[in-house]
2 protein chains.
Amino acid sequence: MYSALYNHINRFIDLSNDEQEILASLLKSFSFKKKAFLHEAGETCRANYFVVKGCLRLYFIDIKGAEQTTQFAIENWWISDLTSFIFQKPSDFYIQAAEATEVIIIERRNYDELFEQLPKMEKYFRLIFQKLHQASQMRIKYLYSQTAEERYTSFNSLFPEFVQRVPQYMLASYLGFTPEFLSKIRAKK
Amino acid sequence: MYSALYNHINRFIDLSNDEQEILASLLKSFSFKKKAFLHEAGETCRANYFVVKGCLRLYFIDIKGAEQTTQFAIENWWISDLTSFIFQKPSDFYIQAAEATEVIIIERRNYDELFEQLPKMEKYFRLIFQKLHQASQMRIKYLYSQTAEERYTSFNSLFPEFVQRVPQYMLASYLGFTPEFLSKIRAKK
DNA sequence: CTCATTTCTTAAACTAGATTAAGTTTTTTG
DNA sequence: CAAAAAACTTAATCTAGTTTAAGAAATGAG
């Protein structure tokens, strides 16, 4: 049922079968069709989402009405509007399935419960957030050091398979430019 | 000696005196003059730095030779090039004192030791990295949703005291534009 | 207190990337 | 499979922010 998540956790800490069962009591799993919304702006973010299969994106609508994708999550990764999730405040973000996607979720009250019942999970999430922070530091460095064209070129050579998985307009907003500009870059090749 | 850090930790978890002593054995503290380097590009980042007093900035030199400030840390906050620190690989970043600064540091080997000797600290750092991730999500959202001028205006009204503490050229690169453009914005008021 | 260095400003010329708008291709759905 | 919707392309025009360069103001060190 939750084996994808157990496997991921066991890369970082050891969970016994008993502990897996406690964990299981705090999880739920869902499937979403492509383009389905797990969460919409205006709502409070109810869960932290672990992608078992597929792809989710976190985005918001800017003042000009354009979708700005700020984060993607694929297999074996977590995604949420953390501020909304932690403080249970309304969110500006949407979380949408970019492909048909299976997720395992932890709801807000179970998130606190998790750390009380399984203190071991502190280490797991410490390591997850540590990695997320590493990723953010690198992302910000790339945003500040490269032109739009360089960002596309280097992202494309680092993650060629991923570039094929999502529509170009989602990728363009993630990389910080317009879909039209992405077409222009691609036409040059 | 390390009371600023103990106080900070005690906002999140309870540490006994005995535990504080164990922690103390894994820490060091230093003072740096304004403009001193705690870490330079090319070196491997030796520590995770907690600012007791003052201000540190993390920056790199871009292809054009300009300094790009990607992060600041002031009182009661942590800063490091995490990727370099964790994997002990050479860093592209500098960490410099933007003011005379007192820090408490955890060196790499003591960072692992810390979690072995004081598993409680997993929760503390889980919460620290969780907050850092929240801050990154907000930062990226602001970078994608606002013009340069709006970023300055909103940063200035959110953190007016901080804006006074650092030179404008550091702030400009943190907000993602040139010092000349910042002068232009300010002249308009 | 003074000279040197660092920081900030101004302004003209420039450009990377946005905007607008229309047309084309691909994908989805009934 | 046909029609509609979604995604992508092209090209002309435009603009927010950069670049370059020089001078002014502030800060700091001896």
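In this predicted model, B:Ser80 sits in the loop that joins strand E6 (77-79) to helix H3 (82-87) of chain B. Is B:Ser80 buried or exposed? Its relative accessibility is 3%, and because the limit for a buried residue is under 20%, B:Ser80 counts as buried. The side chain of B:Ser80 comes to 3.1 Å from the backbone oxygen of B:Ala47. Apart from neighbours within four places in sequence, B:Ser80 is in contact with B:Cys45, B:Ala47, B:Asn48, B:Leu58, B:Phe85 and B:Ile95, and also with A:Gln137 from the other chain named here.

**The sheet of chain B**

Two of these contact residues lead on to the sheet. B:Leu58 and B:Ile95 both touch B:Ser80; strand E4 of chain B covers residues 56-61, and strand E7 of chain B covers 94-97. Chain B has an open sheet of four strands, in the order E2-E7-E4-E5, with antiparallel pairing. Strand E2 (37-39) and strand E5 (67-73) of chain B are at the edges and have a single partner strand each, so one side of each has no neighbour in the sheet. From one strand to the next, the twist averages 30 degrees.

In general, the strands of a sheet pair through backbone hydrogen bonds, in a parallel or an antiparallel way. Strand E4 of chain B pairs with E5(B) in the antiparallel sense, over six bridges. Within this pair, B:Leu56 is opposite B:Ala73 of E5(B). Helix H5 (residues 121-145) of chain A packs on the sheet and touches E4 and E5 of chain B. The direction of this helix makes about 150 degrees with that of E5(B). Helix H8 (residues 168-175) of chain B lies across E4, E5 and E7 of chain B, and runs at about 90 degrees to E5(B).

| Residue | Part of the residue | DNA strand | Distance |
|---|---|---|---|
| A:Tyr169 | backbone | D | 3.2 Å |
| A:Ser183 | side chain | D | 2.5 Å |
| B:Thr178 | side chain | D | 3.1 Å |
| A:Thr178 | side chain | C | 3.1 Å |
| B:Gln168 | backbone | C | 3.0 Å |
| B:Ser183 | side chain | C | 2.7 Å |

Helices H8 (168-175) and H9 (179-188) of chain A and helix H9 (179-188) of chain B each supply at least two residues of the surface near DNA strand D. H9(A) gives the most, with four residues. Near DNA strand C, the elements that give two or more residues are H9 of chain A and H8 and H9 of chain B. Here H9(B) has the largest share, four residues.

By class, the surface near DNA strand D holds six nonpolar, four polar and seven charged residues. The surface near DNA strand C holds six nonpolar, five polar and seven charged residues.

Note on methods:
Residues numbered from 1 in each chain as written. Chains lettered and ligands numbered in written order. Predicted model: local features only at pLDDT ≥ 70, side-chain atom pairs only at ≥ 80, totals over all residues. Heavy atoms only, no water. Pairing = 2+ DSSP bridges. Axes fitted to C-alpha atoms, helices over the stretch in contact; angles between N-to-C directions. Contact = heavy atoms within 4.5 Å. Polar contact = N/O pair within 3.5 Å; in protein donor to acceptor, adjacent residues only side chain to side chain. Nonpolar A, V, L, I, M, F, W, Y, C, P; charged D, E, K, R; others polar. Buried < 20%, exposed > 50% of the residue type's maximum accessible area, 1.4 Å probe, protein only.
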